[in-house]
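Please read the points below alongside the coordinates. They go from the whole chain to single residues.

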Amino acid sequence: GNNPIGYKLISIEKGSIYEKLGLKQGDTIKSINGKSVITPQDAMELTNLMKTADKIEIELVRNGSTQKMIYQIK
């Protein structure tokens, strides 16, 4: 079978990493810093990146269209 790539955000908790990054319920995260997101664990990698990376680039699908979001982390 062909597993769809991406992690769909079914519900976003207040104060969660996803909310802080401006992600919305129903968004599908396709890749983080160029790495395909396939499992929920892949999506959780965002939490680690917030602590270690200078920049996070998220490719996501919102309302059927693919978008790229880039965050600089100070």
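1. Helices (H or I, at least four residues) and strands (E, at least two) are DSSP runs, numbered from the N terminus. On that basis the chain has 2 helices and 5 strands. From the N terminus on, their order is β-α-β-β-α-β-β. The radius of gyration is 12 Å, close to the 11 Å that the globule rule gives for 74 residues, so the chain is as compact as a globular protein of that length. The radius is taken over C-alpha atoms, and the rule is 2.2 Å times the number of residues to the power 0.38.

2. A word on the basis. This is a predicted model: local features need pLDDT of at least 70, side-chain atom pairs count only at pLDDT 80 or more, and totals for chains, interfaces and linings use all residues. Residues are numbered from 1 along each chain as its sequence is written, and side-chain values use heavy atoms, with hydrogens and water left out.

3. Overall dimensions and surface. The C-alpha trace spans about 40 × 25 × 20 Å along its principal axes. The accessible surface is about 5000 Å², and carbon and sulfur atoms account for 50% of it. Areas come from the Shrake-Rupley method with a 1.4 Å probe; for residues, only the protein chains shown count as cover. Of the 74 residues, 32% count as buried. Buried means under 20% relative accessible area, exposed over 50%, and partly exposed in between (1.4 Å probe, protein chains only).

4. Next, the core. A nonpolar core is a set of buried Ala, Val, Leu, Ile, Met, Phe, Trp, Tyr and Cys residues joined through side-chain atoms within 4.5 Å. The largest one here has 17 residues. Those with the most contacts inside it are Tyr18, Leu23, Ile29, Leu46, Ile56 and Ile58. H1, E2, H2, E4 and strand E5 (65–72) each give two or more residues to this core.

5. Helix H2 (residues 40–52) deserves a look. Its buried residues are listed as Asp42, Ala43, Leu46 and Leu49. They pack against strand E1 (7–8), H1, strand E2 (28–32), strand E3 (35–36) and strand E4 (55–62). Contact means heavy atoms within 4.5 Å. Beyond four places in sequence, Leu46 touches Ile17, Tyr18, Leu21, Ile29, Ile32, Ile56 and Ile58.

6. Met50 is partly exposed, because its relative accessible area is 28%.

7. Ile17 sits in helix H1 (residues 17–20). Is Ile17 buried or exposed? Ile17 is buried, at 15% relative accessible area. Setting aside residues up to four places away, Ile17 touches Leu46, Thr47 and Met50.

8. Two backbone angles to check. Most residues other than glycine have a negative phi. Asn33 has a positive phi of about 50 degrees. Asn33 is in the loop between E2 and E3 and is partly exposed, at 38% relative accessibility. Phi of Asn63 is also positive, near 55 degrees. Asn63 is in the loop between E4 and E5. At 78% relative accessibility, Asn63 counts as exposed.
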